[in-house]
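Colleague: I have not looked at this one before. Can you take me through it?
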Amino acid sequence: MFLSEIPALHVLIIYITVLVLHVLALIFFIIKGILVKRKKKMFQAIEGLLNEYVKEDPLYAKLDRVNMPEYDYILTTRELKLYIMVIPNFTCGEICINSPTKWQFRRTYKDDIVRFVPRVDKLMRFDPPYEAGLRSKRLYIIYPNSKSLLRYINECEMEFVRPETDLNGTSVVTYQELLEHRDSIEL
């Protein structure tokens with residue numbers, strides 16, 4: 001069947017369908033590019049901030065960017081090996097810690113939509129290897145900020161999570177707090 005034998009209305013529908021598909025593909029690739037660029041900017045900002053800790057003691061301190069499912073960075077100092085995972089929170093909503101391995105993004109405290117923070121369980125279950133003379137610690141950095149960090153104490157009570165709050169041997173701090181108070185993580 002040739003194109004001339006197809007009714008004009010069908011040809012028009014085919015052209016419109018192809019055009020819509022091209023527009024949708026273009027929108028998809030634009031959004032994908034924006035998300036990749038935003039994530040790259042996030043890691044550059046985090047590395048810049050963590051390198052400030054390395055500059056304080058350049059002889060012993062070292063920052064490594066790693067491709068591990070459990071963590072994103074290892075910051076090694078004279079006495080400490082810090083395993084760091086970055087949690088993107090671009091909406092700056094609340095993060096509610098339901099249990100050590102289940103954290104939830106919430107836009108408001110009345111938000112009923114369940115959106116769990118990915119990969120949190122990986123670092124929580126990670127058992128750092130023992131190295132003589134080095135303490136090990138795990139740290140989550142929420143980027144760029146969080147409206148509030150909350151943790152369930154029991155079914156009815158919640159408390160705010162601060163950088164000094166111990167969550168099963170792990171600390172949580174926002175990028176913004178690290179910028180304002182560099183001493184909020186203990187090295």
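Modeller: This is a predicted model. Strand E9 (residues 158–160) pairs with E8 in the antiparallel sense, over three bridges.

Colleague: How many residues sit between E8 and E9 in the hairpin?

Modeller: Five residues lie between the two strands of that hairpin. As for partners, leucine 150 is bridged to phenylalanine 160 in E9.

Colleague: And which way do E4 and E8 run?

Modeller: Strand E4 (residues 94–99) and strand E8 (residues 149–152) run parallel, joined by three bridges. Isoleucine 95 has leucine 149 in E8 as its bridge partner.

Colleague: What is the strand order in the open sheet?

Modeller: The order is E6-E5-E4-E8-E9, five strands with mixed pairing. Strand E6 (115–116) and E9 are the edge strands, each pairing on one side only. E6 is joined to strand E5 (residues 102–106) by two bridges, and that pair runs antiparallel. There, phenylalanine 105 has arginine 115 in E6 as its bridge partner.

Colleague: Changing topic. How many disulfides are there?

Modeller: The count is zero. The closest cysteine sulfur to that of cysteine 96 belongs to cysteine 156, and at 13 Å it is too far for a bond. A disulfide needs the two sulfur atoms within 2.5 Å.

Colleague: Is cysteine 96 buried or exposed?

Modeller: Cysteine 96 is buried, because its relative accessibility is 0%. Cysteine 156, at 72% relative accessibility, counts as exposed.

Colleague: What about salt bridges, how many turn up in the whole structure?

Modeller: The search finds 10. One of them joins glutamate 56 to arginine 182, with the closest N and O atoms 2.8 Å apart. Glutamate 56 lies in helix H1 and arginine 182 in the segment after helix H3 (175–180), so this pair ties together parts that are 126 residues apart in sequence. Glutamate 56 counts as exposed at 55% relative accessibility, while arginine 182 is partly exposed at 28%.

Colleague: Which residue does glutamate 131 form a salt bridge with?

Modeller: Lysine 81, and the closest N and O atoms are 2.7 Å apart. Glutamate 131 is in the loop between helix H2 (120–125) and strand E7 (135–144), and lysine 81 is in strand E3 (residues 80–89), so the pair ties together parts 50 residues apart in sequence. Lysine 81 counts as buried at 15% relative accessibility, and glutamate 131 as partly exposed at 28%.

Colleague: And aspartate 64, what is its salt bridge partner?

Modeller: That partner is lysine 62, the closest N and O atoms being 3.5 Å apart. Aspartate 64 is partly exposed at 28% relative accessibility, and lysine 62 is partly exposed at 45%.

Colleague: Back to H1. Which residues make the nonpolar surface patch?

Modeller: Among them are Leu9, Ile16, Val23, Ile31 and Leu35, and the patch covers about 1,100 Å². Valine 23 is in helix H1 (residues 8–56). Valine 23 counts as partly exposed, at 40% relative accessibility.

Colleague: Last, the overall picture. How many helices and strands are there?

Modeller: The protein has three helices and 10 strands. Along the sequence the pattern is α-β-β-β-β-β-β-α-β-β-β-β-α.

Colleague: What is the radius of gyration?

Modeller: The protein has 23 Å, whereas a compact globule of 187 residues would have a value near 16 Å. The C-alpha trace spans about 80 × 45 × 30 Å along its principal axes. Of the 187 residues, 36% are buried.

Notes
Residues are numbered from 1 along each chain as its sequence is written. This is a predicted model: local features need pLDDT of at least 70, side-chain atom pairs count only at pLDDT 80 or more; totals for chains, interfaces and linings use all residues. Side-chain values use heavy atoms; hydrogens and water are left out. Two strands pair if DSSP finds at least two bridges between them. Helices (H or I, at least four residues) and strands (E, at least two) are DSSP runs, numbered from the N terminus. Buried means under 20% relative accessible area, exposed over 50%, partly exposed in between (1.4 Å probe, protein chains only). Patches are made of residues with over 30% relative accessible area and no salt bridge: like charges are joined within 9 Å, nonpolar side chains (Val, Leu, Ile, Met, Phe, Trp, Tyr) within 5 Å. Accessible areas come from the Shrake-Rupley method with a 1.4 Å probe; for residues, only the protein chains shown count as cover. A salt bridge is a side-chain nitrogen of Lys or Arg within 4 Å of a carboxyl oxygen of Asp or Glu. The radius of gyration is taken over C-alpha atoms; the globule rule is 2.2 Å times the number of residues to the power 0.38.
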